[in-house]
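Student: I have a two-chain model open and would like to go through the contact between the chains. Can you take me through it?

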Amino acid sequence: MRVVLTGNHAAAYAALLSRVEVVAAYPITPQTQIVEKLAEFIEEGRLKAKYIRVESEHSAMAAIIGASAAGARTFTATASHGLIYMNEMVFWAGNARLPIVMAVVCRALAPPWNIWTEHTDILAQRDTGWIQFFCEDNQEVLDTIIQAFKVAEDDRVLLPVMVGLDAFILSHTATPINVPEQEDIDRFLPPRKPLPFILDVDNPLTHSNMTYPDQTMEFRYRLQKAMERAKRVIVEVDEEYGRLTGRRYSGLLDCYRCEDADLGVIVMGSSAGDAKEAIDKLRDEGYKPGVVRIRVFRPFPREELREICRGFKAIAIIDRDLSPGLGGILYTETLTSLYDLGSRPIVQNYIAGLGGRDISVSDFKLIVRELYRSIEEGVETIPIRWIGVEGVKL
Amino acid sequence: MSLKIKDLPIEDYWLSGNPSCPGCPASLGLRLLMKTLGPKTIVVIPACCSTIIQGAYPKTSANFPILNIAFAASAAAASGIVEALELKGRSNVNVVVWAGDGGTVDIGLQALSGAAERNENIVYVCYDNEAYMNTGIQRSGATPYGAWTTTTITGKKEHKKNLPLIMAAHGIPYVATASISYPIDFITKLKKASKIYGMKYIHLHSPCPTGWRFPSSKTIEIGRLAVLTGTWVLYEVENGIFKLNPPSNVLIDRNKRKPVRSYIKIQGRFSHLTEKNIDELQRYIDRQWETYLKLLSIGKIY
């Protein structure tokens, strides 16, 4: 079925098709349409689920944790301040290894108040033990949330998953979407299996009780191993979904025209579309750049990224986020992954699009041209560039 | 037909040999709770003494399922369990929150208020030992006026927050106070609560030998004095009807209440109080009683 949906409604349809059983959520712009739509599905009887209308995001995640520990398939959605407010419980869900799925509409943090897109909110959650996806378009939002349940509930993984979509650019922009048939998704995603750690009065156990220092590291080690195994599972699930629907997303990294590229633009989220368009135009001018879109930020695709960057003379890392005092978060993680690569490309960081500022096709073109200039001139490092900020020019 | 202790099952689900302090009211309360509600019970525990006394991984003192959860989160987490069980048709399970006073009257109040407003089918029990005992006796909103704690070394300047009445103001089906020293009253209220659909709140006064500075053999005696002096009042609000329970119901006459002095003089946390301080505590207790008598005269308060 092909319908026109916003990114938010695509997320709600994904939860519907995944037959989620408990939703707990608190409204925040720009996530509201997701939870409004889910409330509608539930009240109209289209989705057999409970909707807990909690009084805060902290309670939203706490309620979801309780429901997930009791064996239900659970879903929530939030953004920005809501995500940061639930931070304690986000860690709790990750460390508890509960297969929760959450849509995060990536939005800037105040002050000053700003409701538009930025990735700093979701990237601040990178150490919580959650798998993190970033989507390029609304179709991918729908497909990734369905995939996310399959990944989260896989015995080899058992980790919560957050799926990031950019505020307004995806959340409120309606585009034609292929909505899969329910029976196909039912085959792809059967009901959640009862796990060994479900709260059960006939088989009592205590969840998350205290551990001494001689036990705690083993839990973290197992979490790390689950993250490492998740990489393979994400690819497998993406392939299986591709066989079912004809759509797949190359697993962890989406590489665009990288086969013969001598330069790469590394990007996350919706601006990948603009980057791809810029690259097409530059290819027409005789340049040979490619785009690497990081689809999965946790587990970080270290090996895959190294493999692709091996062939580049230079890379531009576009951060729609900021770690003040250092620079871009994606930049830092990429550099860490490339450190022992041998012959490393020139790596340049661009801070762009904070608080919803446009990153245009011409911005990407300027970025790529500057990188080619750096290669020619043999410049190895340039200070971090702030795209579009007055006084900072390319 | 009133319950007797001997009517309770011989089985214990809260096991002996747990690492609670001698004379611990929380351990006693949890044992009574599980004996009363039985094994078809899931207990949610936020950060509190019971986090510790259930034992460290991989051992546990609990022969019933527990979900440990963050400090502010217990009522919300219990809501999630309740809704998941209802959806899966397993509604014959009691979902209980067992939380300390800090996790209830302070940091957990928002989630508790939300769950009460939604009328979630939970039995919420606050075991109130009147300070953050697990972290080492810091003042909470439930600490009484004058009490020494490690963050009020000259005595707390404010009176105790009256959470049971705040919960009653939510209009939930059942609110009750109880005392660890009156187990029949406590288990009767628990049994009643477990048969009512919706949010039930029981506030269990729990004298703590470690934090209140009294010998561990005196827990029950001090809890009784709290009630007999009128400092802690046993009542229930069932579907809005306010009712005093024995022995508080015979303490309406001020002359029948023991002076507060007899309650505080055997607790180290009050040892520094001046006559003026003691008078202030007594005045506060008398004022509280005026409120309860008004509620009694109204009868149905919501």
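**Contact between the chains**

Tutor: This is a predicted model. Strand 9 (residues 206-207) of chain A and strand 2 of chain B run parallel and are joined by 2 bridges.

Student: Which residue stands opposite Leu67(B) there?

Tutor: His207(A) does; Leu67(B) belongs to strand 2 of chain B.

Student: And how many residues does the contact take from each chain?

Tutor: Chain B gives 40 residues and chain A gives 38 residues.

Student: Which elements of chain B give two or more residues to the side that touches chain A?

Tutor: They are strand 1 (41-45), helix 2 (49-53), strand 2 (66-68), helix 3 (74-87) and helix 5 (109-117). Helix 3 of chain B has the largest share of that side, with 11 residues.

Student: What is that side of chain B made of, by class?

Tutor: It has 23 nonpolar, 12 polar and 5 charged residues.

Student: Switching to chain A on its own. How many helices and strands?

Tutor: Chain A has 13 helices and 16 strands.

Student: Why call it as compact as a globular protein of that length?

Tutor: Because the radius of gyration of chain A is 21 Å, close to the 21 Å that the globule rule gives for 394 residues. Along the principal axes, the C-alpha atoms of chain A fill a box of roughly 70 × 55 × 45 Å.

Student: What percentage of chain A is buried?

Tutor: Of its 394 residues, 55% are buried.

Student: And the contacts within chain A, how many join residues at least 24 apart?

Tutor: Taking contacts between residues at least 6 apart in sequence, 80% join residues at least 24 apart.

Terms used
Residues are numbered from 1 along each chain as its sequence is written. Chains are lettered from A and ligands numbered from 1 in the order in which they are written. This is a predicted model: local features need pLDDT of at least 70, side-chain atom pairs count only at pLDDT 80 or more; totals for chains, interfaces and linings use all residues. Two residues are in contact if their C-beta atoms, placed from the backbone, lie within 7 Å. Helices (H or I, at least four residues) and strands (E, at least two) are DSSP runs, numbered from the N terminus. Ala, Val, Leu, Ile, Met, Phe, Trp, Tyr, Cys and Pro count as nonpolar, Asp, Glu, Lys and Arg as charged, and the others, Gly among them, as polar. Two strands pair if DSSP finds at least two bridges between them. The radius of gyration is taken over C-alpha atoms; the globule rule is 2.2 Å times the number of residues to the power 0.38. A residue is buried if 20 or more other C-beta atoms lie within 10 Å of its own, exposed if 12 or fewer, and partly exposed in between; C-beta atoms are placed from the backbone.
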